[in-house]
Amino acid sequence: MATHPSAWQSVPLPQRHAWSRRQMWLTAATAAQLPDLTGMRLAAAVHLDIKAAVFLEAFAEAGAHVAVMLVNPATTSADVATYLNGRMRVFATDAAASAEACLDWGPTHTLEMGADLTVAAVEHGHDGLTAAIEVTRSGISRLRDLDLPHPVFDLDRVPLKNNVHNRYAVGISTWQAFMSRTNLTLHGSVVVVVGYGEVGSGLARAAVSLGARVLVAEESAERRLIAEYEGYETGTLALLAARADVLVTATGRERVISESVLPLLTSGCFVLNAGHSAAEIALDVLGPGTEVLPHVTSHRPFAGEILLLSGGHLVNLAAGDGDSLNSFDLTSALMVSAVGWASSGAAGHPPGVHRLPPEAWAPSIENY
């Protein structure tokens, strides 16, 4: 569970909850259009903070039985988990055990950030799901080569999700978390952004606005060219790592910050992750660290020092407050609309990954 709460997290839960519901008006308007979800058993594998409580309650209020799997204790607000456990089932064990327990609970549908439930369904031969909705690019990547027993609908590819939430909100909340936990700005710093998808481009844009000089490490020649047209110097991570004051990864791939990259970093370099999983960083190479500040640990596996943010976990949630209420409201409304559609519209789709059709998410945009 999260430790060292921020100022926002220190606000009593009833006040945070009431303020969140008030500000997430698009989610509320979309929830008001949900069909009767009686009979749906929805297992949600999500990063659990106060914003998640708003959309999870919407499903319960529409009649669904809801179970929540915590995808990462580091991105879970303990008080929110306790509060929701009085309204729905919350599985709070480790991810593998939670996934198996969630499936044993008997869901008909899932809403996932990272595909843990769908992966577990494949591994355990569970065939009781009607449909899944996956919210993240990293989750869709995990499913690419699996023999799926049910249809999975890709919410991350919804244009307003990847072009608004991914491209803008994540970058802003990442650097807010960095600055609030270190009391440092990015002025004069060299920031190396690893991966130039929508999240990486947002990280770069926000860092420049905060005074950083941004370099982009990207394997794709097409994305390197886009980054260059947008004004960034690009190169391989091996070439750029030694120049970084701050190194941030947003690729969705494991061990991108690898045992061959870490020794290249200059002493005192900050390393942080804006992707879904801490596995993007070779944490075993860093070894145990010494806390120098809440959410900042010092590691000396080599000659110099590496400063790791939030244990390598998703920094905006593990060390901060996540995306702002108003920016996340759009993504939350898209999820509400998609689950409402899936209650009947997913029927007849074959197993495999599918684009989420416009009729599944357009109602949330019409409320804007």
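A salt bridge here is a side-chain nitrogen of Lys or Arg within 4 Å of a carboxyl oxygen of Asp or Glu. By that rule, D284 forms a salt bridge with R255, with the closest N and O atoms 2.9 Å apart. D284 sits in helix α12 (residues 283-286) and R255 in the loop between β10 (246-249) and β11 (269-273), so the pair ties together parts that are 29 residues apart in sequence. Helices (H or I, at least four residues) and strands (E, at least two) are DSSP runs, numbered from the N terminus. As for accessibility, buried means under 20% relative accessible area, exposed over 50%, and partly exposed in between (1.4 Å probe, protein chains only). D284 is exposed, with a relative accessible area of 54%, while R255 counts as partly exposed at 33%.

Before going on, a word about the model. It is predicted, so local features need pLDDT of at least 70 and side-chain atom pairs count only at pLDDT 80 or more, whereas totals for chains, interfaces and linings use all residues. Residues are numbered from 1 along each chain as its sequence is written, and side-chain values use heavy atoms, with hydrogens and water left out.

Back to the charges. A search of the whole structure finds 16 salt bridges. One of them joins the side chains of R87 and E61 (3.8 Å, N to O). This pair links distant parts of the chain: R87 is in the loop between α4 and β3 (89-91) and E61 is in helix α3, 26 residues apart. R87 is partly exposed at 40% relative accessibility, and E61 is partly exposed too, at 48%. Another salt bridge brings R142 and D116 together at 2.6 Å, N to O. R142 lies in helix α7 (residues 137-143) and D116 in helix α6, so this pair ties together parts that are 26 residues apart in sequence. R142 is partly exposed at 40% relative accessibility, but D116 is buried, with a relative accessible area of 17%.

D116 takes us to its helix. Helix α6 (residues 116-123) is mostly covered, with 6 of its 8 residues buried. Those are D116, L117, T118, V119, A120 and A121. Just after α6, G125 takes a positive phi of about 70°.

You'll find D323 in the loop between α13 (315-318) and α14 (325-345). Its side chain does make a polar contact with the side chain of H165 (2.6 Å). A polar contact is a pair of N or O atoms within 3.5 Å; within protein, one must be able to donate a hydrogen and the other to accept it, and residues adjacent in sequence count only if both atoms are side-chain atoms. Setting aside neighbours within four places in sequence, D323 is in contact (heavy atoms within 4.5 Å) with K51, H165, A169, V170, S173, N316 and F328.

On to the nonpolar interior. In soluble globular proteins, nonpolar side chains tend to be buried together. A nonpolar core is a set of buried Ala, Val, Leu, Ile, Met, Phe, Trp, Tyr and Cys residues joined through side-chain atoms within 4.5 Å. The largest one has 50 residues, and those with the most contacts inside it are L48, F55, L56, F59 and L111. At least two residues of this core come from each of β1 (41-46), α3 (50-61), β2 (65-70), α4 (78-84), β5 (131-134), α14 and α15 (358-366). The largest share, 11 residues, comes from α14. A second, separate core of 28 residues includes V193, V246, F270 and L307.

Leaving aside neighbours within four places in sequence, L48 is in contact with residues including L56, V68, L70, V80, A81 and L84. L42 lies in strand β1 and counts as buried at 1% relative accessibility. L42 and V66 are 24 residues apart in sequence, yet 4.9 Å apart in space, C-alpha to C-alpha.

Lastly, the cysteines. The structure holds 0 disulfides (pairs of cysteine sulfur atoms within 2.5 Å). C102 is buried at 0% relative accessibility, and C269 is buried with a relative accessible area of 1%.
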